[in-house]
Structure formats: structure tokens, C-alpha cells
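Student: I would like to go through some of the terms used for this protein. Please set each value against its definition.

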Amino acid sequence: MSVYATILPLIFLGLLGTISAEDIKGSVFCEFYNDTMCAENEQECSGREECVQHDLEKRNHCYVLWTMNSTTKETIIKLKGCFLDNNDCYGKPLCVENSMERKNELYFCCCEGNMCNQNFSWVPQPTTKPTEPSVIHELEPVPSAKQQAITLALLIAIPILLTISSFSFWWIYRRRKLSYFNEVPTLEPVPLPQPSPNLGLRPIQLLEIKARGRFGAVWKAQFKNEIVAVKVFPIQDKQSWQTEQEIFKLAHMDHEDILHFIGVEKRGDNLQAEFWLITAYHEKGSLCDYLKANIVTWPEMCRIAESMARGLMHLHEEIPANKADGYKPAVAHRDFKSKNVLLKADMSACIADFGLALIFHPGKPCGDTHGQVGTRRYMAPEVLEGAINFTRDSFLRIDMYACGLVLWELASRCTVQNGPIGEYRLPFEDEVGLHPTLEDMQESVVHKKERPLILETWRKHPGLSSICDTMEECWDHDAEARLSASCVVERVATLGRALVLNSSTLIRVDNTNEIITTKESSM
């Protein structure tokens with residue numbers, strides 16, 4: 001009986017340890033730091049990051065990636081933030097690296113618990129147990145036949161019970177997994193519709209970095225005889241890489257006002273893995289960067305605004321399946337801003353960066369558990385308040401609020417305004433500065449109901465005055481009163497066909513080439 005009495009408590013304690021470890025539900029908040037962004041003096045390179053729960057069955061962890069100077073032993077932090085579900089991080093309240101092996105002098109640790117990655121350490125442990133000296137043990141009494149029978153029964157019963165329990169948990173997990181819907185794909189997404197542009201590793205040479213952002217860097221690259229753009233996601237942003245390619249692979253997404261998608265690749269292994277998104281390259285870059293260095297004429301402004309709004313309309317649109325292509329659901333961008341609008345060589349625009357986008361299938365919930373995402377200065381009042389109605393139309397109206405702000409950026413750099421053209425400024429830069437906090441934006445947009453200033457000199461041009469009316473209807477505080485993307489397309493297209501002669505008269509050329517003179521009051 002002594003063997004029986006010894007084994008049972010050990011089994012009980014082992015099961016208890018397993019249960020207590022599973023009680024840890026991961027991390028909700030982690031300390032965030034990005035060494036590359038801080039080196040570029042970019043805003044929001046450090047602080048507290050809220051981990052987005054993409055899948056109820058998976059956990060979030062906190063992590064730290066650092067290096068150590070071999071001479072001075074100085075610790076240099078490279079990255080901190082949220083980390084996707086990993087068994088090695090389960091049940092670890094402290095961020096400690098134990099491995100003695102080093103790759104590229106990088107150290108990595110992960111942990112569970114809010115802000116558990118504020119402190120971290122390297123405590124190397126040998127991978128093999130040291131050889132124990134020979135010890136002469138006293139002979140122990142031989143167990144009786146009854147004790148041997150009990151031990152044998154336990155050794156047979158325990159694996160059977162564990163197998164049955166594991167199968168039960170797996171069956172319950174699969175049932176819950178199949179019944180749960182989440183629009184943002186997990187780390188093991190279902191197969192995407194064919195044909196898939198993922199054709200394996202391509203002979204791509206990275207030439208130079210063109211932009212950096214929260215989800216990685218965008219490179220100008222050479223692919224055979226073609227110049228392409230390669231967006232490189234680090235391992236902790238794999239979810240955004242998954243989301244972007246899922247959006248691009250939807251039916252009907254090959255559209256002139258949506259960035260052209262070429263394919264995806266995974267480069268490297270383990271912690272050195274990178275995830276590539278390969279798209280068309282546009283030399284003029286983002287609308288934001290272009291407006292910083294250039295002004296736009298009235299025809300250029302109309303061309304940019306119309307194509308930008310048309311791209312947003314196509315994204316928002318639900319398109320039924322036809323003989324040529326399948327069904328396309330409505331998609332909300334959720335991070336619409338001038339940085340995510342690219343300019344082509346002909347000065348038309350296309351929409352990019354779908355890392356936060358959300359797909360809406362009819363009759364299914366949107367699956368989003370955290371609505372306060374995007375760039376702060378472009379957040380609609382209901383997003384800043386945390387009062388989003390989680391429906392398709394609500395998210396599409398949030399995009400239209402941001403569209404109004406981008407129209408304001410365009411108008412501020414247009415040559416037809418009756419007065420001097422000022423330096424490029426971001427929306428709300430005069431009100432909250434360059435690095436606003438969430439509280440700053442809430443005070444300005446929600447409580448004071450401020451919007452970017454529309455100058456009187458803009459109103460003296462009839463076409464620009466109509467653009468001002470359009471942007472005001474886009475950023476209306478009442479979400480239901482905002483214009484749809486199709487309405488913006490229709491308005492700007494009408495204005496684009498009009499040639500302004502002076503502040504009171506328009507000549508409009510219709511399809512029959514007849515010239516019709518109308519007064520401003522008739523618009």
C-alpha cells in the first residue's frame with residue numbers, strides 16, 4: 001500500500017498544477033516599445049498596448065526582444081508588446097529567458113499577466129542534467145504481490161483516463177470552434193479561395209525602405225524586371241499580415257482604386273521569421289507625404305478625391321457572385337487616412353493597408369471585440385467615446401468620417417483657394433498638436449465638437465465651397481447623417497467635369513460637347 005499511497009498524491013498534484021496553469025487567461029495590457037520607430041523619432045513608439053483578442057480560444061502574452069553588447073554587457077531593447085498564442089508562454093508570470101543558445105545575439109522572453117514584460121531577465125540553464133556521482137543505496141524491501149498488482153492497475157488506468165479526457169476536451173473544443181465566428185482570421189486560418197497568388201518564394205531583391213509604420217516597413221523592391229512594393233511584417237504582427245491577404249483575396253478586389261495585390265511569402269523561421277506582402281509600387285507614395293511637399297491643382301484634386309472615394313465605395317459595397325467572380329461582402333477599412341491612400345503616376349488614388357479591416361458576411365456577427373482601433377486623430381466621435389454600435393453601417397460611417405478629414409487635407413493644399421496656401425498640416429494639428437493622447441482627442445472632438453478649420457478663402461471658389469460642404473457632411477457628429485462613399489463619388493465627379501471661370505460662373509461640358517453656362521446659385 002505504501003506505493004499506492006505515494007503515487008496518488010503525486011497524480012493529484014500534477015492534475016491540480018495543470019488546472020491552475022490553465023486558469024491564467026493571458027495578457028490584456030503589455031508594455032509597448034519599438035526601437036526602430038523611436039530611432040526615427042516617430043510618435044507612439046512606446047507606451048502601453050492593449051492586446052486585441054482575435055480568438056476566444058487563444059491567449060495573448062507579453063514579450064520582450066533584446067540584445068546585449070558583448071563588450072559592455074549593456075542591454076538594448078528592440079521590441080516589446082503583445083504576442084500571439086504560444087504554449088511556451090503559458091503560466092509564466094515573469095519574463096525570463098532560460099535558453100543558453102543564442103541566434104544573432106538576440107534574447108527573447110514571454111509571459112502572461114498585465115504589463116508582465118516591464119521587467120525581464122536572462123537566467124541561462126543547462127540543457128542536459130549534470131552527471132550524478134555514484135551512490136550506493138541501501139536495499140529496499142521488495143513490494144508484495146498485492147502492492148505490485150495495485151501499481152500495475154494504476155499504470156494501466158491512468159493513461160487510459162488521460163486519453164479519454166484529452167479526447168473529450170478536443171471534441172468540445174472542435175464543437176465550440178466550429179460554432180464561433182470571427183472575421184479576423186486566427187493563426188491557423190481556413191483555406192482562402194483560389195486562385196491564390198501565393199506561388200512560393202520569388203526572386204525579390206529589397207532596395208530601400210520607403211515607409212515605416214506600426215505593422216512593419218514598406219520596401220521598394222525588384223522582382224524580375226518589375227519594381228514592386230514589399231510590406232515586411234515582424235512575427236508579432238502576423239495577424240495583420242493574415243488579415244491583409246484575406247481582404248486582398250476576396251472576390252472583386254482587383255479594382256483600379258484598390259492597391260494591386262501580387263502575393264505573400266514567409267521568410268525565415270522561428271523568431272527570425274518575417275511575413276511579406278507584395279503589391280504594386282507607386283513612386284509618388286502616400287497622399288500625406290505628397291501633400292507635404294506639393295500643392296495640387298483643381299483638376300488634380302478632383303481626380304484624387306473621386307478615385308479615393310470610388311475605392312472606398314468599392315470596399316464598402318456588397319457585390320453578388322457572377323459568372324466571372326464570386327460573392328464580395330462589404331468591408332470596413334477602420335484605419336482610413338491620407339497615409340493609407342497612395343498616388344499613382346496619373347494622379348489617381350488607390351486605397352491600401354487593410355491590416356485592421358473588417359469583413360461583414362450577411363447574417364453573421366462582425367466578430368470584433370475591440371472597436372477602438374485606428375489612428376487617434378482620424379477616430380470618429382463614437383469611436384473615441386467607445387460607443388460604437390457593432391453593425392456594418394456603423395463601421396462604414398466611421399470610414400466616412402475619416403474621409404471627410406482627408407478631403408480637408410486635399411483642400412488645404414489646393415491652388416484655387418483665394419489666398420496664400422499654407423504649409424501642410426495634419427487634421428486637428430492646430431487643435432491638439434502632433435502627438436495627441438486619446439484624452440486630447442476626446443476633449444476636442446467629442447466634448448468641444450471641434451473640426452479642422454475651413455478658411456473663408458476656400459468658400460470663395462464655388463467648386464471648393466462644394467467640397468467644403470461635402471467634408472462637413474462626412475464628419476457630421478451624428479453618424480447616421482454622414483454621406484456615403486457613393487454620394488461623395490457622385491458629387492466630386494460632377495465637380496470634376498466643371499471648369500471654373502470665376503467666383504460666380506461655371507461652364508460645364510456634358511457628353512454632347514455642348515457648353516452650358518450656369519450660375520453658382522443653381523449648383
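**Helix faces and helix packing**

Tutor: Start with helix α10, where the exposed residues E439 and H447 sit on the face turned away from the buried side. Exposed means over 50% relative accessible area, buried under 20%, and partly exposed in between, with a 1.4 Å probe and protein chains only. This is a predicted model, in which local features need pLDDT of at least 70 and side-chain atom pairs count only at pLDDT 80 or more, while totals for chains, interfaces and linings use all residues. Residues are numbered from 1 along each chain as its sequence is written, and side-chain values use heavy atoms, leaving out hydrogens and water.

Student: Which residues of helix α10 are buried?

Tutor: In α10 (residues 438-447) they are M441, S444, V445 and V446. Helices here are DSSP runs of H or I with at least four residues, strands are runs of E with at least two, and both are numbered from the N terminus.

Student: What makes the buried residues of α10 line one face of the helix?

Tutor: Seen down the axis of α10, the buried residues fall within an arc of 165°, so they line one face. The arc is taken from the directions from the helix axis to the C-beta atoms. These buried residues pack against α7 (381-385), α8 and α9 (429-432).

Student: Why are α8 and α12 called roughly antiparallel?

Tutor: Helix α8 (residues 392-412) and helix α12 (residues 462-474) pack at an angle of about 155°, with their axes 7 Å apart. Angles over 145 degrees count as roughly antiparallel, under 35 as roughly parallel, 65 to 115 as roughly perpendicular and the rest as oblique. The two helices are therefore roughly antiparallel.

Student: Which residues make the contact of α8 with α12?

Tutor: Contact means heavy atoms within 4.5 Å. From α8 come M400, Y401, G404, L407, W408 and A411, and from α12 come L464, T470, M471 and C474. They divide into eight nonpolar, two polar and no charged. Ala, Val, Leu, Ile, Met, Phe, Trp, Tyr, Cys and Pro count as nonpolar, Asp, Glu, Lys and Arg as charged, and the others, Gly among them, as polar.

Student: How do you know that F428 counts as buried?

Tutor: F428 has 1% relative accessibility, and the cut-off for buried is under 20%. F428 is therefore buried. This residue is in the loop between α8 and α9, and its phi is positive, near 65°, although F428 is not a glycine.

Student: What makes that phi worth a remark?

Tutor: Most residues other than glycine have a negative phi.

Conventions: Axes fitted to C-alpha atoms, helices over the stretch in contact; angles between N-to-C directions.
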